[in-house]
Structures are given as structure tokens and as C-alpha cells.
Amino acid sequence: MVEDFESAQDGASGAWVAAFRDKVRTLGGALYRDLPWRCIDDPYGVLVSEVMLQQTQVKRVLGRWEAFMALFPTIDALAAADVSAVLSQWQGLGYNRRALALKRTAETCADRFAGRLPESYDELVRLPGIGPATAAGVRAFAFDQPGVYLETNVRTVFLYELFSDRDGVADKELVPLVQAACPQTDVRGWYYALLDYGAHLKATVGNHARRSATYARQSAFEGSRRQKRAEVVRIVLSEPGIELESLAAALDREEAGAGRSAVDRDVFESIVADLVREGFFRQVGDGFVA
DNA sequence: TTCCTGCGTG
DNA sequence: CACGCGGGAA
């Protein structure tokens, strides 16, 4: 069953493609996960799922996608929503920036594209929060269009199957292979199979994406600046209009409750300045609102 | 500790 | 290219 695809080096010849596709379709198909955002006829819903799933596990998104879609069912609804409502709904998913970017993308599409998502890669990747992977994902899952959808599960499969003997494999090497492997029809099914096979590999033989040159360990979260950032966002959401000194005091209470010391004043002020600059908050009188 | 269907910026 | 960005489950 398990063929040897050591012909990865002659990827240009494409001799490995047929066997690779067969294997991924067979194994990935058997592992199919019937997730709520799959096989839906709603490009916006696909986009929401793709953004939620950036650096975020499927299990965490389950339930959250449905709730978000119920509250903001269309691009126009999200565009018209308050930032604070969107950020509140996002709490627990992590990377709050994604929520802001998603809302800005909705605003752009509402204004310029009559409430629809563009289908071209170039237009998609120009929208906030949509990079190469998300653009290719939307094209594959929403429009069934071929492309290079290169994210961690896909890396896992390609590195496991085609680069089992190497370390530090650059995306530049993978891109032509992912391109060559992608079929012209049923692109959606192809990438579902890749994702499901990749997720299965991680759970069984370990994370081969670690051998990607792109792979980098993340810095610790506990006690970090970005943990404080997230706390500041939550405080302002729960107490709209809060003034700077009250915000500082509330943050210090949170930190004390977690067994940490008070936040340095300069650090606190730079966090607030960052959040204002990035568009999380605006100042209204003496207070901050999302 | 680990890392998750990455993106934006310097 | 390197780094910051959330938070939870295993």
C-alpha cells in the first residue's frame, strides 16, 4: 500500500503525482471530517472558517463558527456590526487582530464588491487578514478553484511522503509540488483529503511539519506582553468608556489575581497605544471604547 | 511543554 | 527574514 515517493526530486517530471493523489485520496477520504463549514455554498462562511482556523485547532473553532455565523450571517451584517460586538464574539478564539481584519475585509467587500467575495487570488490576498494560504483556501473550498494551499497539515503530508529523509525543507521547494499535485477538478475534495490525512499523521506518526524551514516555536504566553494585551482588550469590552487610570488598575488586579506583579507603567501605556493604533479602541473623551 | 488549516510589519 | 500576536487542550 505504501509506495515510496522518493522521486520528489524529479517533481518536474510529475511521475509521483498519480500515486500520491491515489494515496491521499484513499487515506484522506477514509478519514473525512464532516465539519460544519465544509461543503457549504457560502464563500463568506468559508472565509470565516479559514480565518478562525489560522493557527487555531479545529476543536476550538467547532461551535464558535456556528455562533459567529448566527450573529453575523453575511458580509453586509459583519460590515455593519460594531467592532465591540465582533471582538466580544471572538473572545476565546485568540489572535484578536484576525477579528478586526475580518471585519475590515467585510467592509471592503460590502462597499466595493456588492457584499460578495472576489474569486481571484490577487484580489483575495489584497484583503486584510487574507494571506497566501487563506486566499488559496477560499478559492479551493468556496469556488473549487485550483491553487497552492500550503498550511501546516499540507506541509505535514508532503514532508512525510516526499521528504522523509530531509530537514529544513523550504516552502519554495514545496510550492511547485503542491501545485503539481493539485487536480483541476474537485479541488475542494482534494484539499479536504490532504488536511484530514495531515491531521491524522500528526496524531499518529508525529508532526513532520516541524521539518519545514518555516517552522518556528512560539514564545511563551504565560506572563507575556500579548497576554496583557488580551487582558486589556477584555477589560475595555466589559467596561466600555473606562478611563486610563481605571484600566491600569483593572489590569493590575487581573495580574495580581494570576499571581503576577503589577504591570510596568511604560509597558501598559505602550500596549494601550498599540491597541489604539491598530484600531481595537478609540478614545471617547477620557475613556476607551472598542 | 506542545502547537494549532498564518498574517502583517520592521 | 524574524518577530509579535491568544488561548486552550493534551
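In which loop does Gln-55 lie? Gln-55 belongs to the loop between α2 (43-52) and α3 (58-61), where helices (H or I, at least four residues) and strands (E, at least two) are DSSP runs numbered from the N terminus. The structure is a predicted model, in which local features need pLDDT of at least 70, side-chain atom pairs count only at pLDDT 80 or more, and totals for chains, interfaces and linings use all residues. Residues are numbered from 1 along each chain as its sequence is written, chains are lettered from A and ligands numbered from 1 in the order in which they are written, and side-chain values use heavy atoms, with hydrogens and water left out.

Chain A contains 15 helices and 3 strands. Along the principal axes, its C-alpha atoms fill a box of roughly 65 × 45 × 30 Å. Of the 290 residues in chain A, 46% are buried; buried means under 20% relative accessible area, exposed over 50%, and partly exposed in between (1.4 Å probe, protein chains only).

The largest nonpolar core has 84 residues. Such a core is a set of buried Ala, Val, Leu, Ile, Met, Phe, Trp, Tyr and Cys residues joined through side-chain atoms within 4.5 Å. Helix α12 supplies the largest share of this core, 9 residues. Phe-20, Phe-68, Phe-158 and Tyr-191 have the most contacts inside the core. Leaving aside neighbours within four places in sequence, Phe-158 is in contact (heavy atoms within 4.5 Å) with residues including Trp-16, Phe-20, Leu-174 and Leu-194.

Helix α12 (residues 187-204) also packs with helix α9 (residues 132-143): their axes come within 7 Å and cross at roughly 120 degrees. That makes α9 oblique to α12, because angles under 35 degrees count as roughly parallel, over 145 as roughly antiparallel, 65 to 115 as roughly perpendicular and the rest as oblique. Axes are lines fitted to C-alpha atoms, for helices over the stretch in contact, and angles run from 0 to 180 degrees between N-to-C directions. Ala-140, Phe-141 and Ala-142 in α9 meet Val-187, Arg-188, Tyr-191, Tyr-192 and Leu-195 in α12.

Most residues other than glycine have a negative phi. Phi of Gln-55, however, is near 55 degrees, a positive value, and Gln-55 is exposed, with a relative accessible area of 62%. Asp-144, in the loop between α9 and α10 (152-162), likewise has a positive phi of about 55 degrees. Asp-144 is partly exposed, with a relative accessible area of 32%.
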